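User: I am new to this structure and would like to learn how to read some of its features. Could you take them in turn, giving the general idea and then the case here?

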Amino acid sequence: MGHLLMAHASDDSIVIRFREEISPAVAGEVRLARLALERSGLPWITDLISSYNELLVAYDNSAVGPAEAMSGIRSAVGSSHEEAQPKAMVTEIPVCYGGEFGPDLGFVSEHTGLGRDEVIRIHSGRDYLIYMIGFTIGFPYLGGMDARLETPRLKSPRQMVPRGSVGIAGKQTGIYSLDTPGGWQIIGRSPASLVDLDRIPPAVLSAGDIVRFMPISEDEYHALEEVGQRGGLRLKAYPLGEAER
């Protein structure tokens, strides 16, 4: 994996810094390092938090000292191998675009000069790499959006954006995992929940995996929403390349 830049971020965490860029290649290095630490068996690691080009490793400082933690982390990550990396998981996210679920689809269409149907076709026609989970529990920051869809954020954020809302902000797209304020351009909504408080971690999606958006009708949305309220909605997920739509 090459030279690793590591530093103490606090008295119980260490940050691993990769190249200063946002790219699938760097995201792959972050994922590989995370997997190596998950498999390392180091009992004092308490949490792993991925970002675009960094990995924060939290540890129990009552069980291990700073120097030993640094050495153990460096050894585990330095011995990782690309061939040991499992395939990324693809998760299909059903989305109803436009209407009451996508109040900003018209603005995105006007801003980009694309028809509404074309915006939907382009947005749902790509595989999106999950660079990191952040902002709220389960919110995926997705890379790979077609440059033709680039649209600025709202000038004034909404006080409340419903969970499941799919939005565009600049060069990125993402999915609101909780009801929160937000300034992204909302083009659709999914009936799926990205947070499961009965699992650890509670975020359904993971950094390094893939999202595919699947357009659905309003009737399909409401039907799936009803299934979800009964606790029966399960997202389709499979290893990349093993099941294509």
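Analyst: Let us begin with accessibility, where buried means under 20% relative accessible area, exposed over 50%, and partly exposed in between (1.4 Å probe, protein chains only). Arg-17 has a relative accessibility of 31%, so it counts as partly exposed. This is a predicted model, in which local features need pLDDT of at least 70 and side-chain atom pairs count only at pLDDT 80 or more, while totals for chains, interfaces and linings use all residues. Residues are numbered from 1 along each chain as its sequence is written, and side-chain values use heavy atoms, with hydrogens and water left out.

User: With which residue does the side chain of Arg-17 meet in a salt bridge?

Analyst: In general, side chains of opposite charge can pair when their charged atoms come close. A salt bridge is counted when a side-chain nitrogen of Lys or Arg lies within 4 Å of a carboxyl oxygen of Asp or Glu. Here the partner of Arg-17 is Glu-54, at 3.0 Å from N to O. This pair links distant parts of the chain, since Arg-17 is in strand 2 and Glu-54 in strand 4 (residues 54-59), 37 residues apart. Helices (H or I, at least four residues) and strands (E, at least two) are DSSP runs, numbered from the N terminus. Glu-54, with a relative accessible area of 25%, is likewise partly exposed.

User: How many salt bridges does the rule give, and which residues are linked in a network?

Analyst: The count comes to 12 salt bridges, and Arg-19, Glu-21 and Glu-29 are linked in a network of them. Between Glu-29 and Arg-19 the closest N and O atoms are 2.7 Å apart; Glu-29 belongs to helix 1 (residues 24-39), whereas Arg-19 lies in the loop between strand 2 and helix 1.

User: Is Ser-13 buried or exposed, and what does its side chain contact?

Analyst: Ser-13, in strand 2 (residues 13-17), has a relative accessible area of 6% and is therefore buried. A polar contact is a pair of N or O atoms within 3.5 Å; within protein, one must be able to donate a hydrogen and the other to accept it, and residues adjacent in sequence count only if both atoms are side-chain atoms. The side chain of Ser-13 makes such a contact with that of Ser-10, at 2.6 Å.

User: Why is strand 12 largely enclosed by the rest of the structure?

Analyst: Strand 12 (residues 185-189) is largely enclosed because five of its five residues are buried.
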